[in-house]
Amino acid sequence: MRILRHREALLGLAILVLLVIVAARFPAFIRPASLVNVLNDTSPLILLAIGQMIVILTKCIDLSVAASLALCGMVAALLNGAGVPLPLVLLASVILGGALGAVNGLLVWKLAIPSIVVTLGTMTIYRGSIFLMTNGAWVNAHQMTDSFKAFPRTILLGLPVMSWIALAAIAFFAIVLTRTPLGRAFYAVGGNPHAAVYTGLDVGRTQFWAFVISGALAGLTGYLWVARFAVAYVDVARGFELDVVAACVIGGIAIAGGAGTIFGAVLGALFLGVIKNALPVVGISPFWQMAISGSAIVLAVVFNAAQRRQKGRIILKQVDAP
Amino acid sequence: MTPPPRFIPDRLQSRAARALRSWETILVAVAIAIFITNSFMSPFFLNAWNLSDATFNFTEKAMIAFAMAMLIIAGEIDLSVASIIALASTAMGLAMQAGAGVPVLVLAGMGTGLICGAVNGFLVAGLGLPSIVVTIGTLSLFRGIAFIVLGDKAFTGYPPEFAFFGQGYVWWVFSFELVLFAVLAVIYWVLLHRTSFGRAVYAIGNNATAAQFSGIRVARVRFILFLMTGLMSGIAAVCLTSRLGSTRPSIATGWELEVVTMVVLGGVSILGGAGSIPGVVLAAFIMGMVTFGFGLLNVPGIVMSIFLGVLLISVIALPRLFRRG
Amino acid sequence: MPPVLSLRGISKSFPGVKALQDVQLDLYQGQVTALIGENGAGKSTIVKVLTGIYQPDAGTITLDGKSVRFPTAQSATRAGVTAIHQETVLFDELSVAENIWLGHAPRTRLGLLDWRSIREGARRLLAEIGSDLDPDQRLGDLGIASKHLVAIARALSTDARVVILDEPTAALSHKEIHELYDLVETLKAKGKAILFISHKFDEIYHIADRYTVFRDGQFVGEGAISDVTEGQLVHMMVGRSVDQIFPSRARNIGDPVLTVAGYNHPTEFADIGFTLHRGEILGFYGLVGAGRSELMQALFGITRPSKGAVRIGADIRVIRSTHDAIAAGIVYVPEDRGKQGAIRALPIFQNITLPSLSRTSRAGFLRLAREFKLARDYTQRLDLRAAALDQELGLLSGGNQQKVVIAKWLAMRPRVIILDEPTKGIDIGSKAAVHEFMAELAAEGLAVIMVSSEIPEVLGMSDRVIVMREGRIIDEVTGERMTPETLVRAAAGISEAA
């Protein structure tokens with residue numbers, strides 16, 4: 001825990017340094033309005049990173065999040081077009097996302113299929129379903145009601161609703177992860193599945209819930225994404241699952257499971273978000289974005305490994321443990 | 001030890017008996033079924049030229065799948081293969097602009113593949129990092145470099161002789177790619193199933209520590225395997241670039257997942273330690289025929305990807321469901 | 001006094017194996033019952049039945065006179081049955097306090113975990129067993145002995161009536177074992193019924209009040225430990241009396257084969273120097289964690305020494321990898337057979353030929369007929385019991401797997417063979433076979449190093465014994481000094497053995 005806390009401080013520092021470097025030449029970048037914009041822009045990544053982090057804690061991976069997001073977003077847009085009131089649309093996206101996650105979870109739990117295979121498969125199935133539903137047609141801004149589009153952008157106490165939702169999710173899942181038995185089970189199951197069985201934890205069932213959470217968050221984000229960009233189509237957020245995994249890796253979530261904190265995942269997402277928003281400001285082509293996140297992932301993995309390596313029994317200077 | 005040592009036979013069941021119950025046998029049955037269905041569904045299916053055309057939609061992926069199969073059997077994975085294609089293709093484009101001839105273009109593609117493989121290999125085998133995260137990182141990095149070079153532009157205007165690799169025919173309906181695929185299949189079959197290197201790959205995939213304790217140079221084997229997936233991606237890049245006649249940074253997007261699907265469908269355990277090259281060859285044919293058959297019926301590509309997703313999960317799920325009885 | 005926990009007629013089968021057949025077991029309040037049996041006798045199966053991991057096919061479990069069932073691990077814990085395993089199974093990434101309370105932690109009125117009570121409760125429970133571990137410490141940073149303390153505190157936190165100690169001393173030092181004995185006394189005084197599983201007779205006599213013996217999944221007998229001799233227990237375990245345990249052999253020691261001088265490692269060992277001769281069995285004794293395995297793994301090229309030299313015959317060799325070691329004629333049969341020795345999913349013959357592939361293959365191409373011949377030659381020498389050479393290694397018993405690992409190295413025709421705890425966790429029959437075989441090897445002129453923590457084995461097999469402590473060679477024991485007392489004193493440091 002202590003090392004990890006240390007690690008998050010480092011990542012926070014890295015983000016600060018990044019902001020200072022950018023601000024040194026472009027002070028406008030760190031104006032509150034601009035920072036709010038960065039946070040808002042990063043909110044979808046934060047929401048998905050929280051879900052992905054929980055899945056990774058349990059020694060799994062969810063590659064289907066971006067596809068679930070796109071499918072739920074499309075369903076939200078179609079429901080809206082059919083005249084369903086907004087609260088129900090929101091609820092439906094979350095429930096559908098949870099159900100898609102449950103499908104992943106059931107395959108992992110009941111059939112013990114490795115999660116990477118399951119979510120690789122469902123990723124294409126979920127995205128393909130959008131095509132089946134719409135025959136490839138887009139749902140454009142003029143086909144959406146104003147309230148549907150306005151909700152995530154509504155400003156409440158200086159922040160858009162989308163940012164508030166991300167902040168609420170951070171707070172809620174911080175409590176779930178540190179203060180509830182299920183939250184601790186995620187850590188236990190991923191840290192030592194063998195011991196978890198002896199402790200009376202059901203490894204598969206715990207993984208199942210991780211996938212449900214990840215799916216539900218993807219569903220919620222699906223609505224927010226489609227409403228914010230005011231368009232829904234088959235390829236929404238294609239490839240976004242890799243950014244989400246990247247945020248977790250940069251945030252120090254151990255890919256082997258059992259270690260990491262929600263603040264790490266959030267900082268990892270913010271790190272990527274700051275870079276993405278700073279690039280156009282500094283005048284670097286957005287085409288650099290992909291290579292930079294790639295390098296950040298590789299560096300983060302090297303860094304994580306270097307930190308974890310300084311362990312192991314040392315015999316020579318051994319003093320008998322108390 | 002009083003009684004004389006007891007005799008232990010080499011094999012419990014004959015090789016034929018074992019083969020009959022293998023995954024590959026199921027794949028052969030599936031392949032035949034699809035073949036027959038396709039020929040009933042469309043009158044255009046049973047045509048040598050049409051069938052030959054159809055092979056293009058799996059040959060390039062299958063080349064990578066051979067190397068990927070060995071890598072996955074050894075307990076690692078390389079998700080950056082499609083990005084290596086993008087970078088290798090970009091390197092070829094740059095070489096073409098510098099006025100390079102066809103041999104240099106080919107070397108640029110293969111060389112870039114090898115370098116990318118060496119980067120992955122160094123990070124995984126040299127530094128001991130988990131391959132799944134490393135290659136998710138290099139996936140972004142390699143394609144990211146292609147995007148930096150090309151932005152939203154494309155390289156076009158490859159020399160006409162260069163078209164041979166992706167469009168040429170060696171003899172009758174047999175394209176260069178199909179012949180290359182067949183040659184590589186034999187090479188990889190020998191390498192995995194008939195050499196001590198292949199044996200080391202299985203040993204590492206089953207228990208890397210015990211393999212090291214048996215004198216196997218585990219890091220070296222892993223490094224070579226990453227070089228091989230890099231090289232195969234480079235070769236695939238040559239073929240694909242030649243076939244398309246252009247390079248865009250988004251070339252071959254999503255192929256990594258199709259390659260992994262092909263490997264897993266071919267019976268390679270995603271957890272490492274088991275699998276075979278004939279299985280991967282069969283999986284390549286099955287995926288190719290499904291794509292082709294759907295194409296003849298005018299089913300869009302994305303629907304086919306649903307079918308492949310269902311196929312991937314069900315081939316793993318069904319045996320497990322039945323075992324539960 | 002009626003037993004707290006009573007098992008009757010318990011049976012459990014797996015495909016092809018009857019793990020338990022109609023066995024019984026009684027545990028009494030405030031008493032330690034030792035469960036004794038060879039590997040494969042059904043000890044670990046009964047533990048899994050008691051902790052709700054396995055469901056018995058037949059039989060009854062009675063707790064305080066009431067019939068109970070444990071469909072899940074949780075239900076066993078709730079009923080008051082807790083197990084502490086040999087390699088304590090807890091969570092390295094979680095704190096000490098959380099490890100104690102996971103699964104039954106105190107909650108606040110809102111239903112959230114009450115971290116303050118968790119921490120305070122942990123401190124109180126640890127204090128009860130005389131420990132001042134910091135509840136906030138990460139478990140992974142603790143040694144095995146401290147982890148046992150946490151596991152016992154966990155048992156107390158569930159108000160367990162029945163505590164199962166499954167080979168708890170397997171990885172403990174001499175001093176730590178005695179601290180564990182004190183702890184067991186504390187648990188007895190608290191009225192817990194304790195099931196103690198161990199292979200070590202001295203421990204059983206030291207700590208147990210009663211015994212129960214299983215053999216081949218069947219109940220053999222039970223009674224008070226004071227009414228039975230060691231010989232009788234062994235007889236019950238194996239169904240025959242084991243008179244001659246160690247093979248006698250002619251000592252025929254030749255020229256030096258391996259000379260190690262000034263061997264150092266930055267963290268694991270220092271100033272190591274010794275000479276090994278042809279035909280000699282050199283024992284390495286020490287407590288767990290004395291650096292013996294680390295030294296042997298450095299000699300085998302797994303880890304690299306910081307300085308020092310190795311001479312094989314007349315040549316100085318630098319060993320940087322297992323490949324170098326094998327080329328120099330040094331081979332190593334590791335202690336952890338499951339992780340380091342056996343590749344369970346591969347066939348027997350492939351396990352055996354793995355290091356020999358450069359000899360059996362031509363230009364890198366395999367020649368299966370040669371592989372089968374090599375495998376057959378060496379498995380027959382070791383009297384392996386298997387259905388076929390292409391059978392998966394994992395299907396064999398532990399003893400037969402060990403034979404395959406040894407065969408793998410003999411097929412390399414080495415000059416020096418290092419056996420690290422060669423008989424750990426294998427049944428008595430296989431144990432004798434391995435001992436006999438070691439003697440044969442030495443008689444043929446091979447130089448043998450045997451690392452062992454079992455004093456009878458070290459004394460019975462070795463020509464000479466080197467004792468290590470905290471990464472250094474403390475003593476070299478030969479001739480008449482080869483007594484248990486000398487070894488224990490040297491290994492533990494004289495003050496502790498006093």
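Predicted model: local features only at pLDDT ≥ 70, side-chain atom pairs only at ≥ 80, totals over all residues.

Domain bounds, as used here, come from an automatic or database domain assignment. On that basis chain C is divided into domain 1, residues 5–238, and domain 2, residues 256–497. The centres of these two domains of chain C, taken over C-alpha atoms, are separated by 33 Å.

**Chain A as a whole**

- Chain A contains 13 helices and two strands.
- The C-alpha trace of chain A spans about 75 × 55 × 35 Å along its principal axes.
- The radius of gyration of chain A is 20 Å, which agrees with the value near 20 Å that a compact globule of 322 residues would have.
- Of the 322 residues in chain A, 60% are buried.
- Among contacts in chain A with a separation of 6 or more, 79% are between residues 24 or more positions apart.
- Chain A has an accessible surface of about 12600 Å², and carbon and sulfur atoms account for 71% of this surface.

**Helix α11 of chain A**

- Helix α11 of chain A covers residues 240–250 and is mostly covered, with ten of its eleven residues buried.
- The buried residues of this helix include F240(A), L242(A), V244(A), V245(A) and I250(A).
- E241(A) and C248(A) are also among the buried residues of α11(A).
- Just after α11(A), G252(A) adopts a positive phi of about 80 degrees.

- R184(A) lies in helix α8 of chain A, which comprises residues 181–191.
- R184(A) has a relative accessible area of 7%; this residue therefore counts as buried, since the term applies under 20%.
- Leaving aside neighbours within four places in sequence, R184(A) is in contact with L177(A) and T178(A) in chain A.
- In chain C, R184(A) is in contact with L94(C), E98(C), L102(C), L113(C) and W115(C).
- With one of these residues, E98(C), the side chain of R184(A) makes a polar contact through the E98(C) side chain, at 2.4 Å.
- G258(A) is 74 residues from R184(A) along the chain, and the C-alpha atoms of the two residues are separated by 9.6 Å.

Terms used:
Residues numbered from 1 in each chain as written. Chains lettered and ligands numbered in written order. Heavy atoms only, no water. Helix = DSSP H or I, 4+ residues; strand = E, 2+ residues; numbered from the N terminus. Buried < 20%, exposed > 50% of the residue type's maximum accessible area, 1.4 Å probe, protein only. Contact = heavy atoms within 4.5 Å. Polar contact = N/O pair within 3.5 Å; in protein donor to acceptor, adjacent residues only side chain to side chain. Rg over C-alpha atoms; globule rule 2.2 N^0.38 Å. Areas by Shrake-Rupley, 256 points an atom, 1.4 Å probe, with all protein chains shown as cover.
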